[in-house]
Amino acid sequence: MSGLDSTQPNDISERFSECSTVTDKGSTKRESNKYPDQAHSRGWTRYSEKFSPTSVDSKHITSSTQSKSGRLTEVELVSDDPKEWVGFANVVRKTNFTHFEKVNGKNVNVVQGLELHTRVFDADEQKKIVEAVYEFQRMGQKGRLRERTYTEPSKWMRGKGRVTIQFGCCYNYAVDKNGNPPGIIRNEEVDPLPPIFIQMIKRMVWWHVLPPTCVPNSCIVNIYDEGDCIPPHIDHHDFLRPFCTISFLTQCNILFGSNLKIIGPGEFSGPVSIPLPVGSVLVLKGNGADVAKHCVPAVPAKRISITFRRMDESKIPYGYSPDPELRGVRPMPITPLESQSQQKHIENNGASSHTPASAPPRVVSKPNNASLFNKEDEFPPLGAMNASRQRR
């Protein structure tokens with residue numbers, strides 16, 4: 001089923017609500033397509049064509065159940081939930097990146113502040129996220145997103161064909177035809193953060209990947225074909241630190257250094273190369289965000305990245321409305337003793353993940369933290385709750 005017709009509602013929430021509503025749990029079926037560990041461009045094009053927009057998530061999930069993997073599956077977490085602790089404890093974190101360079105005459109660790117988190121999103125969740133991105137791409141191609149939300153440039157040379165989808169704000173990479181300088185264009189509107197991305201943000205804050213003091217309110221999706229790249233840069237300070245980028249479909253390397261060199265189209269060199277595993281979350285702050293530049297050389301196969309950032313309050317677009325789902329998002333409460341146990345797990349980043357021997361932490365609060373899962377149909381259709389409310 002297509003889920004889309006020829007009409008073009010003015011608001012993205014209306015466009016999303018065109019997708020069919022959630023069926024009864026017993027009648028909802030999951031697609032049988034397998035999610036490949038590594039996918040080449042041709043294979044993913046064929047796979048995405050099979051995707052139905054009805055499997056994109058709803059912003060207003062009201063109930064969910066626990067999954068066999070122990071991932072976050074409760075809107076209201078119960079105390080002493082061992083599966084929630086297992087999911088949190090299985091996140092592998094590397095925080096000790098080190099590379100010293102001479103900067104203004106001083107020896108500086110230019111990658112201080114970088115963090116790499118893996119096992120935050122499992123394979124099933126990655127599949128749903130990728131499917132949602134492909135649906136947003138199709139909506140953009142059909143003109144069903146706001147003009148500045150979706151950009152698909154002509155591939156006029158190697159590395160220059162990356163598709164971008166912006167939510168929350170319109171970011172200008174260079175001076176545009178209207179004379180706007182690089183940075184957030186405050187008088188331009190793009191579509192708001194989709195529900196599925198809001199749930200990703202909640203997961204990352206809840207599992208201590210991102211701090212509650214810098215909850216993202218915007219993002220940019222990059223869809224790479226083989227050979228596409230991102231040249232050396234430092235992210236604009238219209239966005240606060242930290243910010244993060246999540247990788248999908250294909251592992252690639254990201255380069256860091258205070259002086260990255262451009263060798264040719266899509267070819268760069270730098271002193272630090274960090275592999276980004278599929279599903280990994282790279283957090284950038286400190287010197288890693290503001291002293292070292294970073295770039296992604298030409299990717300070997302189809303790749304998707306989603307970069308989440310929080311806008312500086314003084315740069316927020318004039319028509320922007322904060323999403324109530326992200327108000328008061330807090331990290332999972334853990335006791336000091338358990339924090340020490342988790343810190344040992346973080347420091348032992350090269351070892352395989354394991355469940356701590358200590359008892360799971362007591363969760364003392366019940367945040368409004370909607371799930372990435374909803375039993376058989378883990379991501380209900382966009383606008384499903386809105387549609388159900390209209391029927392009442």
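**Figure 1. Contacts across the whole predicted chain.** Of the contacts between residues at least 6 apart in sequence, 79% join residues at least 24 apart. The model shown here is a predicted one. Its chain has 392 residues, and buried residues make up 54% of them. The secondary structure consists of eight helices and 18 strands.

**Figure 2. The largest nonpolar core.** In soluble globular proteins, nonpolar side chains tend to be buried together. The largest nonpolar core of this model holds 46 residues. Those with the most contacts inside this core are F197, M204, I304, I306 and F308. Both helices and strands contribute: helix 3 (82–89), helix 4 (123–141), helix 5 (195–206), strand 6 (163–167), strand 9 (218–224), strand 11 (243–248), strand 16 (281–284) and strand 18 (303–309) each give two or more residues. Helix 5 gives the most, with eight residues. Apart from this core lies another one, of 21 residues, which includes F243, I274, A289 and V296.

**Figure 3. The surroundings of I304.** I304 is one of the residues with the most contacts inside the largest nonpolar core. Leaving aside neighbours within four places in sequence, I304 is in contact with V130, V133 and Y134, among others. Its contacts also include V221, N222, I223 and Y224. Further along the sequence, I304 is in contact with I246, S247, F248 and L249.

**Figure 4. Helix 4 and its two ends.** Helix 4 has 19 residues and reaches 27 Å from its first C-alpha to its last, close to the 27 Å expected at 1.5 Å a residue. Of these 19 residues, 16 are buried, so helix 4 is largely enclosed by the rest of the structure. At the start of the helix, a side-chain oxygen of D122 comes to within 3.2 Å of the backbone nitrogen of D124. Just after the helix, G143 takes a positive phi of about 75 degrees.

Figure 5. Q137 has its place in helix 4. With a relative accessible area of 11%, Q137 falls under the 20% limit and is therefore buried. M139 and Y150 are 11 residues apart in sequence, and their C-alpha atoms are 8.9 Å apart in space.

**Figure 6. The largest pocket.** Rolling a probe the size of a water molecule over the atoms shows where empty space is left. In this model, about 980 Å³ of space lies in the largest pocket. The pocket is lined by 42 residues, of which R162, Y173, I220, N222 and I230 lie nearest its centre. Several strands supply at least two residues each to the lining: strand 6, strand 7 (171–172), strand 9, strand 10 (230–233), strand 11, strand 17 (293–296) and strand 18.

**Figure 7. N217, a buried loop residue.** N217 has its place in the loop between helix 5 and strand 9. At 5% relative accessibility, N217 counts as buried. The side chain of N217 reaches the backbone nitrogen of M311 at 2.9 Å. Not counting residues up to four places away in sequence, N217 touches G168, L193, R309, R310, M311 and Y320.

Figure 8. A cis peptide bond, with omega of about 0 degrees, joins R241 and P242. P242 has its place in the loop between strand 10 and strand 11. N104 is not a glycine, although it has a positive phi of about 50 degrees. This residue is found in the loop between strand 2 (100–103) and strand 3 (106–109). At 78% relative accessibility, N104 lies over the 50% limit and therefore counts as exposed. R119, likewise not a glycine, has a positive phi of about 65 degrees. R119 is found in the loop between strand 4 (115–118) and helix 4, and with a relative accessible area of 40% it is partly exposed.

Key. Residues numbered from 1 in each chain as written. Predicted model: local features only at pLDDT ≥ 70, side-chain atom pairs only at ≥ 80, totals over all residues. Heavy atoms only, no water. Core = buried A, V, L, I, M, F, W, Y, C linked by side-chain atoms within 4.5 Å. Buried < 20%, exposed > 50% of the residue type's maximum accessible area, 1.4 Å probe, protein only. Helix = DSSP H or I, 4+ residues; strand = E, 2+ residues; numbered from the N terminus. Contact = heavy atoms within 4.5 Å. Expected span 1.5 Å × (residues − 1). Polar contact = N/O pair within 3.5 Å; in protein donor to acceptor, adjacent residues only side chain to side chain. 1 Å grid on protein atoms, 1.4 Å probe; cavity = no way out; pocket = protein on both sides within 12 Å on 5 of 7 lines; lining within 4 Å. Points joined across faces, edges and corners; volume = space filled by probe spheres on them.
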